[in-house]
Amino acid sequence: MTQPNSQEAPLLRINALTKAYPGVIANEDVSFDIGTAEIHALLGENGAGKSTLVKMIYGLVKPDSGQMVFAGAPFAPPAPAAARQTGVAMVFQHFSLFEALNVAENVALGMENPPAMGQLAERITSVSRAYGLPLDPARRVGDLSAGERQRVEIVRCLLQDPKLLIMDEPTSVLTPQEVEILFETLRKLRAEGTSILYISHKLEEIRTLCDRATILRRGKVVAKTDPQQASASELAEMMVGTALKPAARVTGMKGAVMLEVRGLSMAAPSDFGTALKDLSFQVNAGEILGIGGVAGNGQDELLLALSGEITTAAGTVRMQDDDLSQQGPLERRRAGLLCAPEERLGHAAVPDMSLTENAMLTARVRENMDKAGMLDWGAARSFAQDVIKAFDVRTPGPATAAQALSGGNLQKFVVGREILQQPSVLVVNQPTWGVDAAAAAAIRQALLDLAAQGAAVVMISQDLDEILEIADRFVALNGGQLSASEPVEGLTLERIGLMLGGAHGMEVAQGAPAHATAPQGGPS
Amino acid sequence: MIRLERRPQPSRLWVWCTPLLAVALTMLAGGLMFAALGKDPIEAIRTIFFDPLFNPQFASYSRPQLLVKAGPLILIAIGLALGFRAGVWNIGAEGQYIMGAICGAAVALALYPLDSPIVFPAMVLAGLLGGFAWAMIPGVLRTAFNTNEILVSLLLVYVAEQILAAMALGLLRNPDGGGFPGSRNLQQYPSAANLELIAGTGMHWGVVTAFITVILAYIVLTRHVLGFHIRVTGSSPRAARFAGVVPARLILICLGVSGALAGMAGLYEVAGPAGQITIDFNSGYGFTAIIVAFLGRLHPVGILLAGLLMALTYIGGELAQFMLGLPAAAIQLFQGMLLFFLLGVDVLSNYRIRIGRPGVA
């Protein structure tokens, strides 16, 4: 491994950058250096200011004050094109790809002066081989997995020979095997002298990959450290500010089967949705079933089929003796099957409505908030109040609009709203996505408590650590198909990765580096 | 530098102030327009807004007209607002209004000269069903084939106009009318006439129905699960489905209610102020009601006030036409400005204006 040489002049020096938005200071007096040929971690919770900082480096946002120096020259990119010209490239967390176009066309769209298509395809193939990132330039992006889409973004950056590559949460959509491939690529880049600014909140990754780490909290640099020397819990404490209590787990007795899904198939509800193919699983009382998998593999569709927003063939969704497959959301709630969808604003909650109205949205039938259709707003208000109190939702009160809450607080409200209705079965999709660490811990604890009280919980999540932390059994949802379930106890990340389909497309890879976890090449 | 900054939540103050601001801006811009036409702007504004109600010479005639004109506007606008709140865009209330009038009048003419207290209720029912059925056409096409209800309902207005002309010339023509187009005058058929209930007020059954509808719509929107589902569907359709709303059912309810109310408005008009089915019976209430619905913030009480205001500009506009010689087009432009400014200043309820450099709030 090449050691970073911090004695030399740094590649990028960031000096006292400050950026304020109305109501919040996103970055305050942020200074650090990124050396040549180093992988530098930028660590922080959601909302710590990581995104704003890299947007300033990439020319998307102009700092209010402070300077940057890139390779010895003052650097103040007015637009991303200027940053790219200087040698800065960025892979975004949310891909900017056109699904209807093929790989080469997508790459061409992101270039200043794209060469002819045939030539470009050759260059894509050669770059992707050199770095072990198998890609077929002629494939349509809509058919690619998330990991393959990310490769398109990376190859697009590499074609420009960047000096600094910024990667924003690159592993959130990857299987463990794909993460391993990505790390190989990044190490190779470092060996060739490229610097990488690696943004993440996953501590183990940073410890294995990065040379130095800068930790942001509430817009300020709170620590600079060598991540390979610090322990994960030390890093977490620096990131969050306080020591987090791990979720307390009480393994109680497993009860009867509460929810049974048998042979559930469903056509994709939209063009780029995923069809569900013959899913079967059971959840017992007192148990948390973790459904893992990268988002976009049927997770949203499964939630719609369970919540009753889309009905399926008779006999496919059963609760004890009731066949709910043909019932709508109201009947399913009455039967005790409650759901919390992934998208908080616009699906789980109405953005411009108050928390009281959002309590009415899903709690009406179970909490008797209406008589013959006439609504009892007093009951809704006090229920909203109860949720706010029980789940520590930080808000002025139940009259606040849902969109005025932070992501974590709204998620606590959304999950709390369902839990306080005492479900027999609760289905949650990505319960802690985009939520700060403290709120995520509170939500996980609430799910554990609910299961301990005898409810069955189905947790759909792409955060594998989260599943390992609180689920009892694990199944993988990949390409609309479900694997067999396995108990979480004794499950390794490698095994999970294989259940998730291994590394997508690696079986056709040529010139891919050999790495420790040789994938068996599952369905991709 | 002037910037617009998004408010964390819509300002309640501005939601209610924007209509007043829009009225003020309309008066200002309208005054400039009248001045450009060579008229005294102050006098023109006074003739439109003040004289119909308070000028001793005209008030006795025009004051009752206020309710006569506001009644159908409010009745139709309430129905439209329920749909608009849910994102169901019924633009064809004019057609439903015509069909309600034809169906109601047809019942009366079929029963003529029967003298019975059931004649009028039967007409109301027929008017309601006529408008309802006409609105069901875009409704069913939308739910079954996903057609655009804006286009279908609007085009059906022109179909309804043709049917109206055919009826006035054919089936419903007055057999004692010497061959002239137009039906019997229902005002001269006591069992069917929708006459003024209190002399000198303009209050007829249609106005009463409009007021009752305002109250009912208020209750539905604020206290009933249907109104809640309408509001949820309008702001986030996916959340509505999650809450158990069946979108197709809600679309049919919204179109059906707005069609039925427009049909009733047509019936009350044909049995009362208009008196008969004629080729040019419809006078644009169905379209003006769209402005009324938005001017009233899609809120029942707001619509009540907006309907009265709009009726005032109609009456005042007519007055200004013959008193000051203003062209009819100028009056229509004036009414159009009202909607234009309302939509324009609407941005203030969701955004605030900031002057100067961005800073920390």
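**Exercise 1. In which sense do strand β9 and β10 of chain A pair, and over how many bridges?**

Solution. This is a predicted model.
- Step 1: Find β9(A), residues 212–217, and β10(A), residues 220–225.
- Step 2: Read the pairing. The two strands run in the antiparallel sense, with five bridges between them.
- Step 3: Check one pair. Thr214(A) has Lys224(A) in β10(A) as its bridge partner.

**Exercise 2. Give the strand order of the sheet and name its edge strands**.

Solution. 
- Step 1: Strands of a sheet pair through backbone hydrogen bonds, in either a parallel or an antiparallel way.
- Step 2: Walk across the sheet in chain A. The order is β6-β7-β8-β3-β9-β10, six strands in an open sheet with mixed pairing.
- Step 3: Pick out the edges. β6(A), residues 88–91, and β10(A) each pair on one side only.
- Step 4: On average, neighbouring strands are turned by 20 degrees against each other, direction ignored.

**Exercise 3. Which strands do helices α5 and α6 of chain A lie across?**

Solution. 
- Step 1: Take α5(A), residues 146–158. This helix lies across β6(A) and β7(A), the latter being residues 164–168. Helix α5(A) runs at about 175 degrees to β6(A).
- Step 2: Take α6(A), residues 176–191. This helix lies across β3(A) (39–43), β7(A) and β8(A) (195–200). Its angle to β8(A) is about 145 degrees.

**Exercise 4. Describe how α4(A) and α5(A) cross, and name the residues in contact**.

Solution. 
- Step 1: Two packed helices are described by the angle and the distance between their axes.
- Step 2: Apply them. The axes of α4(A), residues 117–130, and α5(A) come within 10 Å and cross at roughly 105 degrees.
- Step 3: Classify the angle. The range 65 to 115 degrees counts as roughly perpendicular, so α4(A) and α5(A) are roughly perpendicular to each other.
- Step 4: List the contact. α4(A) supplies Ile124(A), Val127(A) and Ser128(A); α5(A) supplies Arg151(A), Val155(A) and Leu158(A).
- Step 5: Sort by class. Four of these residues are nonpolar, one is polar and one is charged.

**Exercise 5. How many residues of domain 1 of chain A are in contact with domain 2 of chain A?**

Solution. 
- Step 1: In chain A, domain 1 covers 12–240 and domain 2 covers 257–503.
- Step 2: Taken over C-alpha atoms, they are separated by 32 Å.
- Step 3: Count. In chain A, 13 residues of domain 1 are in contact with 17 residues of domain 2.
- Step 4: Find the main contributor. On the domain 1 side, α6(A) gives the largest share, four residues.
- Step 5: Sort that side by class. Five residues are nonpolar, five polar and three charged.

Technical notes
Residues are numbered from 1 along each chain as its sequence is written. Chains are lettered from A and ligands numbered from 1 in the order in which they are written. This is a predicted model: local features need pLDDT of at least 70, side-chain atom pairs count only at pLDDT 80 or more; totals for chains, interfaces and linings use all residues. Two strands pair if DSSP finds at least two bridges between them. Axes are lines fitted to C-alpha atoms, for helices over the stretch in contact, and angles run from 0 to 180 degrees between N-to-C directions. Two residues are in contact if their C-beta atoms, placed from the backbone, lie within 7 Å. Angles under 35 degrees count as roughly parallel, over 145 as roughly antiparallel, 65 to 115 as roughly perpendicular and the rest as oblique. Ala, Val, Leu, Ile, Met, Phe, Trp, Tyr, Cys and Pro count as nonpolar, Asp, Glu, Lys and Arg as charged, and the others, Gly among them, as polar. Domain bounds come from an automatic or database domain assignment.
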